Amino acid sequence: MATADPMNRYFAADDPAWFVAYSTSHWVVLLIFVFLTAALFIWRKGLREGGGSRWVRYGLAGVLGLSELSLNLWYVWQNMYDVKDSLPLELCSLSLYMCFFMLLTRSYWLFQIVYFTGIGGAMQAMLTPAVGYAFPHYRFLEFFAAHIAIILSVLYMVWVEKYRPTWKSIPITMGFLNVMLVIDLGVNKWTGGNYMFLAGKPDTPSLLDVLGPYPWYLLSLEGTAIVLFVLMYLPFAISDRRRKRIAG
């Protein structure tokens with residue numbers, strides 16, 4: 001049962017205020033995300049030419065690192081750390097780590113994977129959040145800060161650093177995801193967990209609801225991922241074709 005401690009509202013695991021999708025606080029966060037994305041796009045050339053890109057890159061890495069560190073400390077503090085659901089084996093958790101190291105090292109190999117997994121996974125998470133705490137709880141703030149930073153990190157590499165995926169990036173990403181699928185299946189069997197929702201659909205509404213019953217939605221998800229990744233690459237493919245047409 002929740003206590004009367006004012007701090008309970010912000011950090012306690014048993015806080016009774018439940019997150020409601022597309023409530024006022026959810027819409028505000030989505031608007032903040034749109035504003036930050038637009039600002040990054042508008043100022044991309046200034047960041048690239050004015051020397052401010054390093055601060056943005058390290059700033060995003062800091063947000064990602066602080067989000068993950070504070071989350072694990074919160075798990076321990078609230079006696080919630082459990083290998084069943086606290087390991088960084090969800091798609092967005094994997095993307096967070098990859099984004100963190102991508103920003104620090106400017107790794108293209110990480111970029112070509114996280115371009116698809118980061119934007120696709122984090123966007124889905126923001127539109128259909130599997131977070132049980134309402135604003136202003138810490139978990140609400142951490143969840144959206146981390147997912148916004150994942151997407152902005154990838155867009156930063158595209159718009160400021162001028163990184164871009166290739167057609168080969170799609171099978172590389174699918175290969176990575178299927179390796180993680182095998183690993184997560186093993187971890188789920190060992191812990192009784194449901195990493196990457198391989199043991200069942202989430203309780204909250206999600207894209208999986210339209211992909212069929214368990215376990216068939218796992219096959220549907222493979223096809224959906226390929227189609228989504230191709231659509232995400234199309235802007236680059238169209239740009240290349242136009243460039244060749246003009247040059248020819």
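Residues are numbered from 1 along each chain as its sequence is written, and side-chain values use heavy atoms, with hydrogens and water left out. Since the model is predicted, local features need pLDDT of at least 70 and side-chain atom pairs count only at pLDDT 80 or more, whereas totals for chains, interfaces and linings use all residues.

The second largest pocket holds about 160 Å³ of space. Here a pocket is an open set of points on a 1 Å grid over the protein atoms alone, where a 1.4 Å probe fits, with protein on both sides within 12 Å along at least five of seven lines; the volume is the space filled by probe spheres set on the points, which are joined across faces, edges and corners. The lining, defined as residues with an atom within 4 Å of a point, consists of Leu36, Ala39, Leu40, Trp43, Leu47, Val56, Leu60 and Leu152. Two or more of these residues come from each of helix H2 (24-42) and helix H4 (53-77), and H2 gives the most, with three residues. Helices are DSSP runs (H or I, at least four residues) numbered from the N terminus. By class, the lining has eight nonpolar, no polar and no charged residues; Ala, Val, Leu, Ile, Met, Phe, Trp, Tyr, Cys and Pro count as nonpolar, Asp, Glu, Lys and Arg as charged, and the others, Gly among them, as polar.

Helix H6 (residues 108-127) packs against helix H8 (residues 169-191) at an angle of about 80°, with the axes 9 Å apart. Axes are lines fitted to C-alpha atoms over the stretch in contact, and angles run from 0 to 180 degrees between N-to-C directions. The two helices, H6 and H8, are therefore roughly perpendicular (65 to 115 degrees). On the H6 side, Tyr108, Gln112, Ile113, Phe116 and Thr117 meet Ser169, Ile170, Ile172, Thr173, Phe176 and Leu177 in H8. This contact of H6 with H8 has seven nonpolar, four polar and no charged residues. Within H6, Gln112 is buried, at 6% relative accessibility (buried means under 20% relative accessible area, exposed over 50% and partly exposed in between, with a 1.4 Å probe and protein chains only). Residues up to four places away in sequence aside, Gln112 touches Ser169, Ile172 and Thr173, contact being heavy atoms within 4.5 Å.

Two further buried residues lie in other helices. Phe143, in helix H7 (residues 138-159), has a relative accessible area of 7% and is buried. Beyond its neighbours within four places in sequence, Phe143 contacts Ala125, Pro129, Ala130 and Val131. The C-alpha atoms of Phe143 and Ala130 are separated by 9.2 Å, at 13 residues apart along the chain. Ser93, in helix H5 (residues 91-105), counts as buried at 19% relative accessibility; its C-alpha atom lies 10 Å from that of Tyr195, 102 residues away along the chain.

Backbone geometry was also examined in the loops. Most residues other than glycine have a negative phi, and most peptide bonds are trans. Asn79, which is not a glycine, has a positive phi of about 55°; Asn79 is in the loop between H4 and H5 and is exposed, at 72% relative accessibility. Arg106, in the loop between H5 and H6, likewise has a positive phi of about 55°, and counts as partly exposed at 37% relative accessibility. The peptide bond from Phe135 to Pro136 is cis, with omega near 10°, and Pro136 lies in the loop between H6 and H7.

Technical notes:
Angles under 35 degrees count as roughly parallel, over 145 as roughly antiparallel, 65 to 115 as roughly perpendicular and the rest as oblique.
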